[in-house]
Amino acid sequence: GELEITNDAYAYSKRNLLVHLKACKENHSINYLYCIPANIYGPFDNFHPLHSHVVPGLIVKFLSAIENDDPKVTIGGNGGARRDFLYIGDLIEAIILMCDNLTKSDSINVSTGTLTSISELANLIKLISAYKGEIVYDLGFPEGQRQRMFDRSKIQSIGWKPKYTLNEGLQKTFEWCVNNPQMVR
């Protein structure tokens with residue numbers, strides 16, 4: 001179907017890769033496993049305040065607000081968009097399991113199966129960071145796709161399930177960010 005405008009270039013590039021892999025299989029008998037992960041986050045992520053994904057971007061916003069005694073953290077949109085957030089350690093385990101157990105060419109979604117709103121995510125990070133100020137929403141920013149849900153049947157069929165809850169993964173990511181400022185990019 002038609003792609004959501006705020007990430008259409010990214011989505012088209014992912015679709016094009018899958019088309020290429022299918023052509024390699026058809027024309028050259030090259031097998032492939034195409035992993036389609038949910039919104040990945042964790043240590044070593046891109047924590048740039050303007051160019052990061054939502055989890056590291058919010059962590060940086062809360063840390064900056066604490067450091068600067070800002071009374072509020074502003075988040076673009078209304079906080080209602082819902083995403084499936086996947087801790088990097090869980091994704092790595094899923095990929096290893098896929099490589100060890102799958103032999104036929106396929107595309108496989110890897111996700112937790114739990115949708116979390118941006119508002120819920122922001123409140124979790126606020127709690128983890130012990131930020132005392134307020135969260136405000138700037139409706140001048142695009143929301144993006146309202147929600148992204150994945151069919152998890154293939155990855156579940158080989159026995160994979162996430163080990164980390166969102167709260168646990170956020171805690172590990174936050175602690176890594178705080179304890180490794182020289183590595184935060």
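**Surface.** I looked up the accessible surface of the protein chain first, and it comes to about 10,800 Å², of which 54% belongs to carbon and sulfur atoms (Shrake-Rupley method with a 1.4 Å probe; for residues, only the protein chains shown count as cover). I note that this is a predicted model, in which local features need pLDDT of at least 70 and side-chain atom pairs count only at pLDDT 80 or more, while totals for chains, interfaces and linings use all residues. Residues are numbered from 1 along each chain as its sequence is written, and side-chain values use heavy atoms, with hydrogens and water left out.

**Burial and fold.** Of the 185 residues of the protein chain, 40% count as buried (under 20% relative accessible area, with exposed over 50% and partly exposed in between; 1.4 Å probe, protein chains only). I find six helices and eight strands in the chain (DSSP runs numbered from the N terminus: H or I of at least four residues for helices, E of at least two for strands). From the N terminus on, these elements run α-β-β-α-β-β-β-α-β-β-α-β-α-α.

**Nonpolar cores.** I then looked up the largest nonpolar core, which has 25 residues, with Leu 121 and Leu 170 having the most contacts inside it (a core is a set of buried Ala, Val, Leu, Ile, Met, Phe, Trp, Tyr and Cys residues joined through side-chain atoms within 4.5 Å). Two or more residues each come from helix 2 (54-67), strand 3 (72-76), strand 5 (85-87), helix 4 (118-129) and helix 6 (166-179), and the largest share, six residues, is that of helix 2. Leaving aside neighbours within four places in sequence, I see Leu 170 in contact with Tyr 41, Val 55, Leu 121, Leu 124, Ile 125 and Ile 128 (contact means heavy atoms within 4.5 Å). A second, separate core of 16 residues includes Leu 18, Leu 86, Met 98 and Ile 158.

**Salt bridges.** I find two salt bridges in the structure (a side-chain nitrogen of Lys or Arg within 4 Å of a carboxyl oxygen of Asp or Glu). In one, Lys 163 pairs with Glu 93, the closest N and O atoms being 3.0 Å apart; Lys 163 sits in the loop between helix 5 (153-157) and helix 6, and Glu 93, 70 residues apart from it, in helix 3 (residues 88-101). Lys 163 counts as exposed at 57% relative accessibility, whereas Glu 93 is partly exposed at 35%.

In the other, Lys 154 pairs with Asp 106, with the closest N and O atoms 2.8 Å apart. Lys 154 lies in helix 5 and Asp 106 in strand 6 (residues 106-110), so this pair ties together parts that are 48 residues apart in sequence. I note that Lys 154 is partly exposed, with a relative accessible area of 39%, while Asp 106 is buried, at 18%.
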